[in-house]
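Please keep the sequence and the structure in view while reading.

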Amino acid sequence: MQFKNDAALSCTKFGFNDKIHREYPVLEFVKHVWNFDENDHPDLQLKIRSFIPRPAAVEMYNNAPNGVLCYPHLAAITDALLTHLFPTPIVHAVQSSVIFVHDDSVTREYTSFQPYMTWSTTPKPSNQPWDWLLLFAEVNREKAEKAPSAKKVLQGNVPRAESTLKSLKRKSPYSKDDCVKPPPKRRKRAAMSQQEAQTAKYLNEMLSHGIRSFASGLFIKDREMHLWYGDRMGLVKSCALDWQANPALMALVFAAIGTANPAQLGISPFLEFSPTSPKFEGHEGGLVVLPASEVVVGDDQERPSEDMVFKIDTTRRVWTEWGTVGRGTTIVPLEAIGAAARRLGTNALVAKMAWPHAHRAPEERFIRIVRGKLQQKAPGYLRHIVDVKCFVTRNMAEMGLPRAYMGIGFGSEDTRDFRLIVMKKYEPLESVESVDEFKTVFEHVVRAHHWVLTTSGVLHRDISTGNIMFYRDMEGCVVGVMCDWDLAEEQLSDAEYEDDDDRIFRVHPMPKEGRTTTADPQGNVVPTIQEQDGTPQTIKGKSNTIPEGRPPRPRYPAGTAPFIALDILLEDEPPLHRYRHELESLFFLLSYVCAVFNPAMHQFGPFSAWERGSLDDIAAAKSFFYTNRKSFKSSFDHSHEDFRSLVDEWVMPLWELFSGAAVKRIQIDSLVRRRNRQASKGMDGMVAKLDVEIGLLVTTWRKTITYEAFMDCLGLPVHLPTDPTCPSCDVSVSWCSRQAYY
C-alpha cells in the first residue's frame, strides 16, 4: 500500500502543478463553493460572531506533539462548534444536511493513508467508503516549541462581534482583515508541496468515487486552516485562516458546511433521494431526474412533455474513472420508471456522466451522425453502434459549478461542459466467456468500424478495451458494440492529409522533449492519455488547403496509451489521425488481450511495457515490439492457454503486416534526415532526387495498412454477402465510396 500511496502522490504532484489556484479569498470561497451567505440565515448570525472555542481544548490542541494526538482535541472543538451552531439534536438526513464530524476509518482502495476527519451523515461507521463522504479534513502538526497560552491568544486576538459583523459585510473580500488577502497580480506557480499533494490526493479520491460534480475539504496545520476545492478543471486553495485568532471565520466555515445540501457539497444535482432514506450512505431509493425542459430523446431529438425519471439500480455498481482533471466519466446503472419507462422501455440502462472539453463536438452528435448514415446505407451494422436513449448538456453555470462564479481566469481550451447520456447497458469486453466469443466481438467491431468510416467519414480515435463492449441477442450470441465516441472526429480532406505528410517528411524535425502521462486507474502510474490539457499547437502546412471555416486541429495524442498507434507516439507534433491509426489500435488491442487476458478470472493482467512510464517509453517499447521478433514473442509468454492459438492465427500475420510498415517508416525517417543534411549544404539536385524517393516510399508505406490487408491477415472475407452493394456495378458500396486516405 505504501508503494501505491507514493505512486499516487507522485502522479498528483505532476498532474496538478499547473492546475492549482492558490490564495483564493476565504469569504469568496465560502460564498461560491458552499453557496453560503450569513444574511440568509439570521438565526445563525449571532452564533457565528459569538463563537469562542474553549481555551482548555485549544491549549491541549496546541500542546499535542503530532497530528495523531492533536486531532481528537480539534474534533472536540468542532463538535462544540456544531452544538453551538445547531443546538437541537443533529438529524442525519440528506434533506437537512447537518454534517456530523468524526474520526473515521475510510475504506482504502488506492492509497495507504486516509484523512483524520470526515464529514458524513453516517455517525461513526467502522468502514466509510469514499463514495459517501461529503467533505474531508486533514490535520497536520509540526513539532514546535511550547505554544503560548490559548486563553491569552483567544482573549487578545478574537474580534468583537460588531467588528466581525463589519468585516463580513465588507463589499470587497480582498481585505487583509479576516485572513483574506488578494493574490499577487503575477504569481509564478510553485511546485506542489508534499502537504498540498496529500490534500489534493484526498480530493482526487472523492472525485474518483461516487456521482460528483466537485469535491471540497479542509487542511489544518497548527493554527492555520486552508479551504480546498477540486473539479474536473483543477484545484483551488484558499488563503490561510488563523482559526484561533479569528474563530468567527471558523464558525462561518462550519455554518456553511452544516447548512449545505448534497449538491452544494459536490453531489450531482441530477440526483434526488427518497425521504425514506435518512442517511447519505447508499443509492437505495435514489433517482436520476432529467428535466423535460432540457432532456433530448432519441435520434429524432424530441422533447418530452414530462421529466424523465430513472431509478438507480443498486444491483449493479456505479463506476467512476480514476482522477480529477479530465472527463471524469461516471457510469450509473439505471432503470426507467414512469414516463421514461413508457418512452424507453424497461430494459437495463446506464447513464454516462462526463466533463469533456467545451470546444469538442458532443459525443451524442457523432453517434447520431453515425447511426443515421448507417440506417440509410448499411442498416445491418447499426446494432454494433451504441444506442443512445436520451441526453442532457449543461455548461458550468447551468450545473451550478462553483468555478463558474469564482472569477478564476483560465484558458478557454480548459473549459468543460457537463454531458449526460442515457444508453443501453452493455457488457465489458472482459466478460466474454471464450476465445470464440472474443473473436466474434472483435470481428464485429472491425467491420462496423470500417462501415462507419465508409458511410459517415467519422473516426473513433479512442479504441481500447474499455470502449469495445458487447451484448447478447435473443439466441444468446454475442454482438460487438463500439462505445465511447467522446474523441471522435470527422475525416479530413485528402489535401489536408497531404499537407500533413509534407510537414512530417519534408521539414527539419522539431527538438524532442520528454513527455509523461498522468492517469492512474489503480493507484499506480498507468498512462491513459484520453485528453491532454494545454494550449493546442496549430497545424503547419499549406493553410489554403484547409476548408474555409474549419479550425486547425489540436496536436496532441488522443486515445488510451497502450493502444495508440506508434507513429502518433513518435512525433512531438503528432500526425493527423487517420484510418490506419485506428487499424493499428485494433491490432494493439488484439495483442493486449492475447497477452494478458484471463478468461477464467474475466480480467486483464498488467502489460507493463505499454502501461508505465512516459509516452516516449511506450513508443520505444512498441518500436522494439515491431522490430525485434524475440521481444514480440516474449510478450505472449504468459498468455492464457485458450488464447495461444489466436496469437498464431491472428496476431502473427498482423504483426508481420504492421512491423513491415514500421520498417518502411524507419527507412523514410532515415531518408528524411539525409535529405535535410543535403538541404543544409545547398545540394538542390540531391534534395530533389531524395524528395522523389521519399514520396514513392511514403506512398507505398501509406498503402500498406488497409482494411483489405487487415481482414486478409485475419483470414476473413473483406465483404459479407449481406453488405450493401452499388446498383450500378453490383459491388460493395465501400468500393464505390471515396477511399480513406490511409
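This is a predicted model: local features need pLDDT of at least 70, side-chain atom pairs count only at pLDDT 80 or more; totals for chains, interfaces and linings use all residues.

When its neighbours within four places in sequence are left aside, C594 is in contact with F636, S639, H640, F643, L646, V647 and V651. F604, for its part, is 10 residues away from C594 in sequence, and the two C-alpha atoms are 9.7 Å apart in space.

## Aromatic pairs

The count of aromatic pairs comes to 31. In one of them, F597 and F643, the ring centres are 5.6 Å apart and the planes stand at 90°, so this pair is edge-to-face, given that an angle over 60 degrees is what the class requires. F597 belongs to strand β23 (residues 597-598) while F643 belongs to helix α19 (residues 641-680), and the pair therefore ties together parts that are 46 residues apart in sequence.

What geometry do the rings of F625 and Y626 have? Their centres lie 6.0 Å apart and their planes are at 50°, so the pair counts as tilted. F625 is buried, its relative accessible area being 1%, and Y626 likewise counts as buried, at 3% relative accessibility.

## Charges over rings

Two lysines are placed over aromatic faces in the pairs described here. K424 lies over the face of Y471, at a distance of 3.7 Å from the ring centre, and K622 lies over the face of W610, where the distance from the ring centre is 5.5 Å.

## The chain as a whole

The secondary structure of the chain comprises 22 helices and 24 strands, and of its 742 residues 56% count as buried. Among contacts in the chain with a separation of 6 or more, 72% are accounted for by residues 24 or more positions apart; the pair of F597 and F643, which joins parts 46 residues apart in sequence, links strand β23 with helix α19.

The accessible surface of the chain comes to about 31400 Å², and carbon and sulfur atoms make up 52% of that area.

Terms used. Residues are numbered from 1 along each chain as its sequence is written. Side-chain values use heavy atoms; hydrogens and water are left out. Rings of Phe, Tyr and Trp (its six-membered ring) pair if their centres lie within 6.5 Å; planes under 30 degrees apart count as stacked, over 60 as edge-to-face and the rest as tilted. Helices (H or I, at least four residues) and strands (E, at least two) are DSSP runs, numbered from the N terminus. Buried means under 20% relative accessible area, exposed over 50%, partly exposed in between (1.4 Å probe, protein chains only). A charge sits over a ring if NZ of Lys or CZ of Arg is within 6 Å of the ring centre and within 35 degrees of the ring normal. Contact means heavy atoms within 4.5 Å. Accessible areas come from the Shrake-Rupley method with a 1.4 Å probe; for residues, only the protein chains shown count as cover.
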